[in-house]
Structures are given as structure tokens and as C-alpha cells.
Amino acid sequence: MSTITLPQLPAAFAETRDALHRLAVYVISPAQRLANGEIILRASPGGFSTFPFDGHVVGVDGDELVVDGTRSPIASLRAAAAVVGIAPDLAQQEQFDVPPHGDPDAPLPVDAGAAGALGAWYAFATDVLDALRAGAGAGDDVTIVRIWPEHLDAAIDMGDGAAGRRATYGASPGDRHHAEPYLYASPWAGRIDGFFDDPGFRGAARTYSQLAAAADPRSAAIAFLAEARDRVQQHG
């Protein structure tokens, strides 16, 4: 397999990420939840999308909203919701730890290059998390890779919870803990040893910059996740 590189993030990355986070919380995930009660998303070409529901898929590819294969420019929350066929679910702001919805009629500032970089991060994250999943045992009860709309992180849960050896392994696009995207491992038992030393949460992290500086970012990412997994397995 050829070496995968992580390019420099565009200047508009954070603004675009935040705009697409709002779109995910108030439009894309609700479209699926209203049909079947599910909120989880997944990586898809150029961005992220719902899982298929009632024959439909809603997502983003770069700076376009994609509904059942039909593309339209991303405009405002209200305009996007109209394309999907729902009203924007603004009540999510009161129920969950999510970004404020703001003015639902204001244009969402989505830069095509930055949106593409976010999609590439989710593709990278899904790849390395699937590599970790491949080593799961029968008792690990490993989940699929899911993007959770609340924090827009791609993650899996894995390990024997009854033995204190379960953890969440994931990839954030950046948040209050780290401004840039990062991989993380968070044992459900807390800071089980000095490896899990992130100052912002009870886990360990490798930032986008740290991974990008590696000779082979994919190998570095898998090695980080594997070490975290080994340490969790040794706990208890």
C-alpha cells in the first residue's frame, strides 16, 4: 500500500467544519432520525452522510448537499432542510451539547477545499479505525465506525466492559480540546496509566500535525491506536 500523506489544512478549515457541524446536527442527522430513530452518520466520498434509510441517503460532498444522488449548493440551514424535505430541527440545541444553530436563514460559510479536507480526514479515520477493528476478539463487542453528530467525531467502542477493558477510539475534526483534528483513545475506566495524558480529557491524543509529520501517517495512526488498545487490554 502506498504511503498516505496528510496535507496542510486550508485556512478556512475551522469555519467550514463548524458550518458543516451545524448542518449535520440540525438537518442531516434529523432527516434520518425522523424516519427510523437513528442519528449516526458515516464517512462518504468527499464528506459524510447518513446510512441508507427508507431508500434515502443524505450527506455532503465538498460544498454540495447530496440527497439521493442529487446535488445542490449548500446554502442556509433552512434552505438545506427544504431540499431534504424537513424543517431544521433547531430543538437539538436545547437537548444536546451541540453548536448553536444561529440564524437558520444565514448562508453557511462552506469552502470547497476545506470541506474536501474534512472529508479526507473522515476517510483516513475510518481506514485506521477499521484496521484496529480487524484485530477485535469475540468478547470485544466492537462497533462499526460511526460519526456522531453531537461532536462530529468518528469513533468505535471496543473491549470487554465487564473486565474494565473497554475504550472509545476515535477521530475528532477539532474541538475545545484541540483546535486541529486529532485521533484519540479514551478508556472507559479513565486514566489507567501515563500514556493517557491528554490535559483536556481522560485519554490520549495524536494531533493532525503530529501525524502529518510522520514518514507514514497511516502507520503512525495505527501504531498509536494499537498501543492504546494494548494498554487497555492489560488493565484490570
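Me: How should I read Phe-195 and Phe-196: as buried or exposed?

Reply: The criterion is relative accessible area, computed with a 1.4 Å probe on protein chains only: under 20% is buried, over 50% is exposed, and anything in between is partly exposed. Phe-195 and Phe-196 are both buried. Please note that this is a predicted model, in which local features need pLDDT of at least 70 and side-chain atom pairs count only at pLDDT 80 or more, while totals for chains, interfaces and linings use all residues. Residues are numbered from 1 along each chain as its sequence is written, and side-chain values use heavy atoms, with hydrogens and water left out.

Me: How many aromatic pairs are there?

Reply: A pair of aromatic rings is described by the distance of the centres and the angle of the planes. Rings of Phe, Tyr and Trp (its six-membered ring) pair if their centres lie within 6.5 Å; planes under 30 degrees apart are stacked, those over 60 are edge-to-face, and the rest are tilted. The count under this rule is eight aromatic pairs. One of them joins Tyr-182 and Tyr-184, a tilted pair with 6.1 Å from centre to centre and 55° between the planes. Tyr-182 and Tyr-184 are buried. Phe-195 and Phe-196 make an edge-to-face pair, with centres 5.1 Å apart and planes at 85°. Ring pairs also connect Trp-121, Phe-124 and Tyr-208 in a cluster.

Me: Which ring has the charged end of Arg-166 over it?

Reply: A charge is taken to sit over a ring if NZ of Lys or CZ of Arg is within 6 Å of the ring centre and within 35 degrees of the ring normal. The charged end of Arg-166 sits over the ring of Trp-188, at 5.2 Å from the centre. Arg-42 likewise lies over the face of Phe-51, 5.5 Å from the ring centre.

Me: How many salt bridges are there?

Reply: Side chains of opposite charge can pair when their charged atoms come close. The rule asks for a side-chain nitrogen of Lys or Arg within 4 Å of a carboxyl oxygen of Asp or Glu. The count by this rule is twelve salt bridges. One of them is between the side chains of Arg-33 and Asp-89, at 2.2 Å from N to O. Arg-33 belongs to helix H1 (residues 13-36), and Asp-89 to the loop between helix H2 (77-84) and helix H3 (92-95), so this pair ties together parts 56 residues apart in sequence. Helices (H or I, at least four residues) and strands (E, at least two) are DSSP runs, numbered from the N terminus. Arg-33 is partly exposed at 26% relative accessibility, whereas Asp-89 is buried at 16%.

Me: Where does Arg-231 lie, and where does its partner Asp-193 lie?

Reply: Arg-231 and Asp-193 form a salt bridge whose closest N and O atoms are 3.1 Å apart. Arg-231 is in helix H6 and Asp-193 in the loop between strand S9 (182-187) and strand S10 (204-207), so the pair ties together parts 38 residues apart in sequence. Arg-231 is partly exposed, with a relative accessible area of 28%, and Asp-193 is partly exposed at 26%. Salt bridges can also form a network, as they do among Asp-61, Glu-64 and Arg-71.

Me: Which way do the residues of S7 point?

Reply: In a regular strand the side chains alternate between the two faces of the sheet. In S7, Asp-153, Ala-155 and Asp-157 point one way, while Ala-154, Ile-156 and Met-158 point the other way. Six of the six residues of S7 are buried.

Me: In which sense does S7 pair with S6 and with S8?

Reply: Two strands pair if DSSP finds at least two bridges between them. S6 and S7 pair in the antiparallel sense over three bridges, with Trp-148 opposite Asp-153. S6 and S7 form a hairpin with four residues between them, and Leu-152 in the turn has a positive phi of about 60°. S7 and S8 are also antiparallel, over five bridges, and Ala-155 stands opposite Gly-170 in S8.

Me: Which residues is Thr-50 in contact with?

Reply: Contact means heavy atoms within 4.5 Å. Thr-50 lies in strand S2 (residues 47-50) and is buried, with a relative accessible area of 0%. Apart from neighbours within four places in sequence, the contacts of Thr-50 include Ile-28, Gln-32, Leu-41 and His-56.
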